[in-house]
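Please keep the sequence and the structure in view while reading.

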Amino acid sequence: MIYLADCADDKAILANIYRYQMTDYGNWPLFPGSTKFMKSESPHALHITVHVNSMAFDAIESNAQAMPNGSIVVADNYNDNLIIESILMKKKITNRWFWGLITPNGTIESAGFDSNNRMLVECINCHSTAPRDFTHLWQSEIAPNQ
Ligand code: HEC
């Protein structure tokens, strides 16, 4: 069934991205304007730390309207004790965001561009209300409250 094959492919894509392109994401710059373990305003977690790769960083710093293909944004979600609970990511591929949810031990839970997956639809629905390029943090008046 094509539907299942597509899902399996998406998970394989994310496994590859996680393994080969996100190895050192903890050393990437923070999303400009954000802080480590900042208080989250989303249902994600109580605290989040958001890293961006250099392409994403450059796009944000140059005030682009959207991030270019290859951009990766990773949000580490922490509970109140600052124990990591999940890793949310998105990568721009063929001008669309590819979304993913990974457990702290590296298990791929969900991955894909959209539709087939109920949870991803929720990600996209909420992120489509973001000010710029499905990215809630990408606004001028960000004021991290932590
Ligand atoms: C109900 C709204 C909502 C849903 C659902 C949601 N997010 Fe977010 N997301 C946010 C907000 C708001 C932020 C800004 C940081 C914060 O306050 O947590 C954010 C931040 C992020 C970031 C950091 C970059 C950015 O966009 O600001 C990533 C990556 C991300 N979310 C991925 C996901 C993924 C993957 C899912 C689905 C598994 C998801 N989100 C579901 C609201 C949402």
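Setting aside neighbours within four places in sequence, Lys-92 is in contact with Met-67, Pro-68, Asn-69, Gly-70, Ser-71 and Trp-97. The model shown here is a predicted one, and within it Lys-92 belongs to strand 4. Lys-92 counts as buried because 21 C-beta neighbours lie inside 10 Å, where the cut-off for burial is 20 or more. The C-alpha atoms of Lys-92 and Ile-72 are 6.7 Å apart, although 20 residues separate the two along the chain.

A contrasting case is found in the loop between strand 5 and strand 6, where Thr-107 is located. With 11 other C-beta atoms within 10 Å, Thr-107 is exposed, since a residue counts as exposed at 12 or fewer. The C-alpha atoms of Thr-107 and Tyr-18 are separated by 9.8 Å, and the two residues are 89 residues apart along the chain.

How many strands form the open sheet, and in what order do they come? There are 6 strands, arranged in the order 1-2-3-4-5-6, and their pairing is antiparallel. Strand 1 (38–39) and strand 6 (108–112) are the edge strands, each of them pairing on one side only. In general, the strands of a sheet pair through backbone hydrogen bonds, in either a parallel or an antiparallel manner.

| Strands paired | Sense | Bridges |
|---|---|---|
| Strand 1 and strand 2 | antiparallel | 2 bridges |
| Strand 2 and strand 3 | antiparallel | 6 bridges |
| Strand 3 and strand 4 | antiparallel | 7 bridges |
| Strand 4 and strand 5 | antiparallel | 7 bridges |

Individual bridge partners let the reader follow these pairings from strand to strand. Met-38 has Ile-48 in strand 2 as its bridge partner, while Ile-48 has Asn-77 in strand 3 as a bridge partner. Further along the sheet, Ile-72 is partnered by Lys-91 in strand 4. Towards strand 5, Ile-87 stands opposite Ile-102, and Lys-90 stands opposite Trp-99.

Two hairpins can be traced among these strands. Strand 3 and strand 4 form a hairpin with 5 residues between them, and Leu-82 in the turn has a positive phi of about 60 degrees. The hairpin of strand 4 and strand 5 has 2 residues between the strands, and there Thr-94 takes a positive phi near 45 degrees.

Why is strand 2 described as largely enclosed by the rest of the structure? The reason is that 6 of the 6 residues of strand 2 are buried. His-47, Thr-49 and His-51 point one way from strand 2, whereas Ile-48, Val-50 and Val-52 point the other way, and all of them are buried. Not counting residues up to four places away in sequence, Ile-48 touches Met-38, Ser-40, Ala-75, Asp-76, Asn-77 and Tyr-78.

The largest nonpolar core has 24 residues, and those that touch the most other members are Ile-48, Val-50, Ala-56, Ile-72, Val-73, Val-74 and Met-89. Two or more residues of this core come from each of helix 1 (2–21), strand 2, helix 2 (54–61), strand 3 and strand 4. Strand 3 gives the most to this core, with 5 residues. There is also a second, separate core of 6 residues, which includes Phe-98, Leu-120, Cys-123 and Phe-134.

**Around the ligand**

Which of the 22 residues around the ligand come nearest? They are Ser-40, Ser-42, Cys-123, Cys-126 and Leu-137. The shell around the ligand divides into 13 nonpolar, 6 polar and 3 charged residues. At least two residues of this shell are supplied by each of strand 2 (47–52), strand 3 (72–78), strand 4 (84–93), strand 5 (96–102) and helix 3 (118–127). Helix 3 gives the most to the shell, with 5 residues.

Terms used
Residues numbered from 1 in each chain as written. Predicted model: local features only at pLDDT ≥ 70, side-chain atom pairs only at ≥ 80, totals over all residues. Near = placed C-beta within 6 Å. Helix = DSSP H or I, 4+ residues; strand = E, 2+ residues; numbered from the N terminus. Nonpolar A, V, L, I, M, F, W, Y, C, P; charged D, E, K, R; others polar. Pairing = 2+ DSSP bridges. Core = buried A, V, L, I, M, F, W, Y, C linked by C-beta atoms within 7 Å. Contact = placed C-beta atoms within 7 Å.
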